[in-house]
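Please view the sequence and the structure below before reading on.

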Amino acid sequence: VGLGLHMGATHDHTLAPVHAHINLLGWASMALIGFFVLHFGSRLNAKLERVQFWLHQVGAAVMLIALAVLMTGRTAVEPVVGITSIVVGASVLLFAVNVWRSLR
C-alpha cells in the first residue's frame, strides 16, 4: 500500500512491477497458502510446509528488493531476480505437491 501511495503521489510508476509482485506474492499467494494451512493443515506434511514457507518468504523478499533495483536501471542484478524467481516458483510447486499429496 505504501509503495502504491508513493507512486500515486509522485506520479513515478517505475516500480509498478514491484508493486504488482508484492501484491501477488506477499498478499494473494500467502493468503491462499494461509487458507489451506488453516483449514487443511493437519493433512499437510509439516516439514514440507515449513520448507515451502521459508523458501517463499526469503525468495520473495530478495526477489522484490532485486526487482526494485533492476527497475531503477541497475541491470547487474538481473541474475538475482532470475534465481530468486526460480526459488519462489519452487516454493509454489512444493505447496502444490503438499496439497496434492494431502488429497489422497
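Of the 104 residues in the protein chain, 24% count as buried. The model is a predicted one, and the values that follow are computed from it.

**Overall features**

The secondary structure of the chain consists of 4 helices and 0 strands, and its pattern along the sequence reads α-α-α-α. The table gathers values for the chain as a whole.

| Property of the protein chain | Value |
|---|---|
| Box filled by the C-alpha atoms, along the principal axes | roughly 50 × 30 × 15 Å |
| Accessible surface | about 6700 Å² |
| Part of the accessible surface belonging to carbon and sulfur atoms | 73% |

**The pairing of H2 and H3**

Helix H2 spans residues 16-40 and helix H3 spans residues 46-71. Their axes come within 9 Å and cross at roughly 170°. An angle over 145 degrees counts as roughly antiparallel, and H2 and H3 are therefore roughly antiparallel to each other.

On the H2 side, the residues in contact with H3 are Pro-17, Val-18, His-21, Ile-22, Leu-25, Ser-29, Met-30, Ile-33 and Val-37. The H3 side contributes Glu-49, Gln-52, Phe-53, His-56, Gln-57, Ala-60, Met-63, Leu-64, Leu-67, Ala-68 and Met-71. By class, this contact of H2 with H3 comprises 14 nonpolar, 5 polar and 1 charged residues.

How values were computed. Residues are numbered from 1 along each chain as its sequence is written. This is a predicted model: local features need pLDDT of at least 70, side-chain atom pairs count only at pLDDT 80 or more; totals for chains, interfaces and linings use all residues. Side-chain values use heavy atoms; hydrogens and water are left out. Axes are lines fitted to C-alpha atoms, for helices over the stretch in contact, and angles run from 0 to 180 degrees between N-to-C directions. Helices (H or I, at least four residues) and strands (E, at least two) are DSSP runs, numbered from the N terminus. Angles under 35 degrees count as roughly parallel, over 145 as roughly antiparallel, 65 to 115 as roughly perpendicular and the rest as oblique. Contact means heavy atoms within 4.5 Å. Ala, Val, Leu, Ile, Met, Phe, Trp, Tyr, Cys and Pro count as nonpolar, Asp, Glu, Lys and Arg as charged, and the others, Gly among them, as polar. Buried means under 20% relative accessible area, exposed over 50%, partly exposed in between (1.4 Å probe, protein chains only). Accessible areas come from the Shrake-Rupley method with a 1.4 Å probe; for residues, only the protein chains shown count as cover.
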